[in-house]
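Reader: I've got a new chain open in my viewer and would like to talk it through. Can we go question by question?

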Amino acid sequence: MSIKDVFNLSEGTEVTVRGWIYRKRELRDKIFLVVRDGSGIVQAVINKSDQDLSSIASKLNVESSLVLTGVIKREPRAPGGAEIHVKSINWYYAGYAFPINEDAAKADSEYLFDVRHLWIRSRKMWAVLRVRHTVFGAIHEFFRSRGYYEVQGPMFVSAAVEGGSTLFPVKYFDREDVYLTQSSQFYLEVLIYALERVYTIAPSFRAEPSRTRRHLTEFWHAEAEEAWLQFDGLLNLLEDLITYIVNKVLEERQDELKLLNRDAKVLENVKPPFQRVSYDEAINILQSKGVGIKWGDDIGADEERVLTLQFDKPILLHHFPEQIKAFYHRNDPSRPETTLSVDVLAPEGYGEIVGGGERIYDYEELISKIKRFGLKPEDYDWYLDLRRYGSVPHAGFGLGIDRLIMWICGLEHIRDAVPFPRDIRRIKP
Ligand SMILES: NC(=O)C[C@H]([NH3+])C(=O)NS(=O)(=O)OC[C@H]1O[C@@H](n2cnc3c(N)ncnc32)[C@H](O)[C@@H]1O
Ligand SMILES: [Mg+2]
């Protein structure tokens, strides 16, 4: 039986659970073992009057694996309000003294990243991993229930989508022009001409030199693209997607959010319409808050933080000046110096979790912008073909899943949202 089922059974029931010792405490007359499995934890009590049992329990360590049988007793002081009074223990592996103890857990956080392969067993990571599971499942459900087809782009690519400065070159046999994908977007733009509406969940790679609280060198990216979709439809789609995901987490992961001390009030407030703020309005708000910014400047993490603290809902920040966004963004015909682009900013200072917009679908417009941006049309030969043959208005976006999970769980650093985070200094475990 899994540990979480123990709490649904009545007092006096005999149960057998299996798992690992999470905490161990020896008192004068008792030994308390907190046992964990994939579903949760339960306290087990051994009376020292039972010589055989207590001699077994004494030699076990934190993380020793075992199967124990005992009788349920209500105990308000125990986690979950019940405990198991142990009758027998079958242990599999006494193990060595576990290197992560209470002090280590409070020690230098880099140490906890060095032993992430063991720290992954902590209650905090257990909760984050279960929220992560729900988020990935919700993304699949959302798109599949709306007729989007799941597709896959390649990981080895030949061109930048989001600028050459964060491309990871790959040693690819004798070639020097191969990179890890920054975004599957261009391939989704190919696939809409076959399936009309597509999505993918895949890793993306960015050679980010800075170690910030929201950048990784490898991150999980949910991207979607849809033929005929235009700007207002894109904004509504983003609101519906993020609301759907947050609601799923609220529905399935209340215990985990509590364990993470996450105040779910903000999450309960996530529903359409989000706060729609144009770039122009954002510049005015920031200037009124004393931020030294002028029209045409990029809005970075610090400025996003100021903006998100003005509202208690996600923000759809739209119509960025063309020079701030990638070449493929379609210029707004009514204000060509701006683009039909949108970033979604998560509240509470978390900032950008989504980037997207309408794409240029006219061949001449795209090739002239590629040149105007100092790029080489030959680097985008097959991408331009999509505008030569059957081009249609279309839009899409990329959701940074790790950043979304960081916000939903109320985490300090994106590295806590990922089982095995990668940044400029970390490539193991
Ligand atoms: N299909 C598309 O339209 C996506 C588009 N080509 C794209 O990659 N946009 S983005 O660069 O803003 O990245 C999208 C999101 O991807 C996340 N992102 C982007 N870069 C990172 C890094 N380095 N670490 C973690 N998360 C990252 C972040 O939430 C961004 O909003
Ligand atoms: Mg972006």
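Reader: Which residue is the bridge partner of alanine 202 in E11?

Author: This is a predicted model, so keep that in mind throughout. Nine bridges join E10 to strand E11, residues 218-227, and the two run antiparallel. Within that pairing, the residue of E11 that partners alanine 202 is histidine 221.

Reader: How many residues of strand E10 are buried?

Author: E10 covers residues 197-205, and the strand is mostly covered. With under 20% relative accessible area as the cut-off for buried, the count for E10 is eight of its nine residues.

Reader: Which residue in E10 stands opposite tyrosine 149?

Author: Here the partner strand is E6, residues 149-150, joined to E10 by two bridges. E6 and E10 run parallel, whereas E10 and E11 run antiparallel. Opposite tyrosine 149 you'll find valine 198.

Reader: What is the strand order of the open sheet of three strands?

Author: The edge strands, each pairing on one side only, are E7 (156-157) and E8 (168-169). E8 is joined by two bridges to E9, residues 179-180, and these run antiparallel; there, phenylalanine 168 stands opposite leucine 180. Put together, the order is E7-E9-E8.

Reader: And the closed barrel: in what order do its strands run?

Author: The barrel has five strands with mixed pairing, and the twist averages 55° from one strand to the next. One of its pairings is E4 (residues 65-74) with E5 (residues 82-93), antiparallel and joined by 10 bridges; in it, threonine 69 stands opposite serine 88.

Reader: What angle does the direction of helix H2 make with that of E5?

Author: H2, residues 51-59, packs on the sheet. There H2 touches strands E1 (14-26), E2 (30-37), E3 and E5. Relative to the direction of E5, the angle of H2 is about 65°.

Reader: Is valine 42 buried or exposed?

Author: Valine 42 lies in strand E3, residues 40-47. Not counting residues up to four places away in sequence, it touches Ile3, Val6, Phe7, Leu33, Val34, Val35, Ala82 and Ile84. Its relative accessible area is 1%, and therefore valine 42 is buried.

Reader: How far apart are the C-alpha atoms of valine 42 and lysine 248?

Author: Along the chain, valine 42 and lysine 248 are 206 residues apart.

Reader: Which element gives the most residues to the largest nonpolar core?

Author: That core has 57 residues, and Val135, Phe397, Leu399, Trp407 and Ile408 touch the most other members. Elements that give two or more residues to this core include helix H6 (123-145), E10, E11, helix H8 (231-252) and helix H15 (401-409). With 11 residues, the top contributor is H8.

Reader: Which residues does valine 135 contact, leaving aside neighbours within four places in sequence?

Author: Valine 135 is one of the core members that touch the most others. Its contacts, leaving aside those sequence neighbours, are Ile245, Val249, Ile401, Leu404, Ile405 and Ile408.

Reader: How are H13 and H14 oriented to each other, roughly parallel or roughly antiparallel?

Author: The axes of H13 (residues 363-372) and H14 (residues 381-388) come within 8 Å and cross at roughly 155°. In the contact, H13 uses Tyr363, Leu366, Ile367 and Ile370, and H14 uses Tyr383, Leu384, Arg387 and Arg388; by class that's six nonpolar, no polar and two charged residues. Angles over 145 degrees count as roughly antiparallel, so the pair H13 and H14 is roughly antiparallel.

Reader: Last one: what percentage of the chain's residues count as buried?

Author: The chain has 15 helices and 18 strands, and its C-alpha trace spans about 85 × 55 × 45 Å along the principal axes. Among contacts between residues at least 6 apart in sequence, 67% join residues at least 24 apart. Of the 429 residues, the share that counts as buried is 53%.

Technical notes
Residues are numbered from 1 along each chain as its sequence is written. Chains are lettered from A and ligands numbered from 1 in the order in which they are written. This is a predicted model: local features need pLDDT of at least 70, side-chain atom pairs count only at pLDDT 80 or more; totals for chains, interfaces and linings use all residues. Side-chain values use heavy atoms; hydrogens and water are left out. Two strands pair if DSSP finds at least two bridges between them. Helices (H or I, at least four residues) and strands (E, at least two) are DSSP runs, numbered from the N terminus. Axes are lines fitted to C-alpha atoms, for helices over the stretch in contact, and angles run from 0 to 180 degrees between N-to-C directions. Angles under 35 degrees count as roughly parallel, over 145 as roughly antiparallel, 65 to 115 as roughly perpendicular and the rest as oblique. Contact means heavy atoms within 4.5 Å. Ala, Val, Leu, Ile, Met, Phe, Trp, Tyr, Cys and Pro count as nonpolar, Asp, Glu, Lys and Arg as charged, and the others, Gly among them, as polar. Buried means under 20% relative accessible area, exposed over 50%, partly exposed in between (1.4 Å probe, protein chains only). A nonpolar core is a set of buried Ala, Val, Leu, Ile, Met, Phe, Trp, Tyr and Cys residues joined through side-chain atoms within 4.5 Å.
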